[in-house]
Every structure is written in structure tokens, then in C-alpha cells.
Amino acid sequence: QMLNDETHVEAARVLAGRILQTPGDETERLEMLWQRVLVRAVTTEELAGLHGLLQRQKERFATAPAEGLALLSVGAAKHDGNPDAAELASWTIVAQVVLNLDETLTKP
């Protein structure tokens, strides 16, 4: 399972950071993340799932900031404080999930 592999977590964090540096609202950024990884447009149902996941993670890291900081400390690439830890940690989880989809791992 790659989901918790240190390199996978770090890759997800770096990808999330790049997505957050791109202008756009939450929906545009989720669409961009999906497109960048899967090279196809996200469906309405998939987008709804991503929004739900992102909101749950934002709530999680808002109430448990130490968990977010721990996630951001994994790997060699260091978090520089921008964006804030809870936001980046939330997006990191979403990026991890997208990177760990069967469709991502078994692309023809």
C-alpha cells in the first residue's frame, strides 16, 4: 500500500502545494488536481466526493493542528509555512487519495 509510504506522502504534499499556488477557487483547484493526475476531466460525482473529503480534512486539521503539522513533516521537502498548515495538510490528504486510486496506479 502506497498511501502511507513516506515518498508518497511527500509527493502528495508537494503536488498539493503546487495546486494551492495556482489561482482559482476550490472547485477549479480540485478539477486541476484530478486532471493533472488522471489526465481526464473529473465527473460531477467524483468532484462531489473530493469536495466532501476536503471539507472533512479541513475540519479535522482545524481541531487537531498537531496532526497536520506531523503530516507536513514527512519527507525531505519542508513546509515553509505558506499556505497555512491546516490548508496544506487537507489538500495533501486529497492529493494522496487521488494518487492512490486504482485508476492512477494502473493506467494503461
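At what angle do the axes of helix 3 (residues 44-63) and helix 5 (residues 85-99) cross? They cross at roughly 140 degrees and come within 8 Å, where axes are lines fitted to C-alpha atoms over the stretch in contact and angles run from 0 to 180 degrees between N-to-C directions. This is a predicted model, in which local features need pLDDT of at least 70 and side-chain atom pairs count only at pLDDT 80 or more, while totals for chains, interfaces and linings use all residues. Residues are numbered from 1 along each chain as its sequence is written, and side-chain values use heavy atoms, with hydrogens and water left out.

**Helix 3 and helix 5**
- Residues of helix 3, including L50, L54 and F61, meet residues of helix 5, among them W91, V94 and V98, contact meaning heavy atoms within 4.5 Å.
- The residues of this contact divide into 11 nonpolar, 2 polar and 3 charged.

**R13**
- R13 lies in helix 1 and is buried, with a relative accessible area of 4% (buried means under 20%, with a 1.4 Å probe and protein chains only).
- Leaving aside neighbours within four places in sequence, R13 is in contact with residues including L72, L88 and T92.

Definitions and conventions: Helix = DSSP H or I, 4+ residues; strand = E, 2+ residues; numbered from the N terminus. Nonpolar A, V, L, I, M, F, W, Y, C, P; charged D, E, K, R; others polar. Buried < 20%, exposed > 50% of the residue type's maximum accessible area, 1.4 Å probe, protein only.
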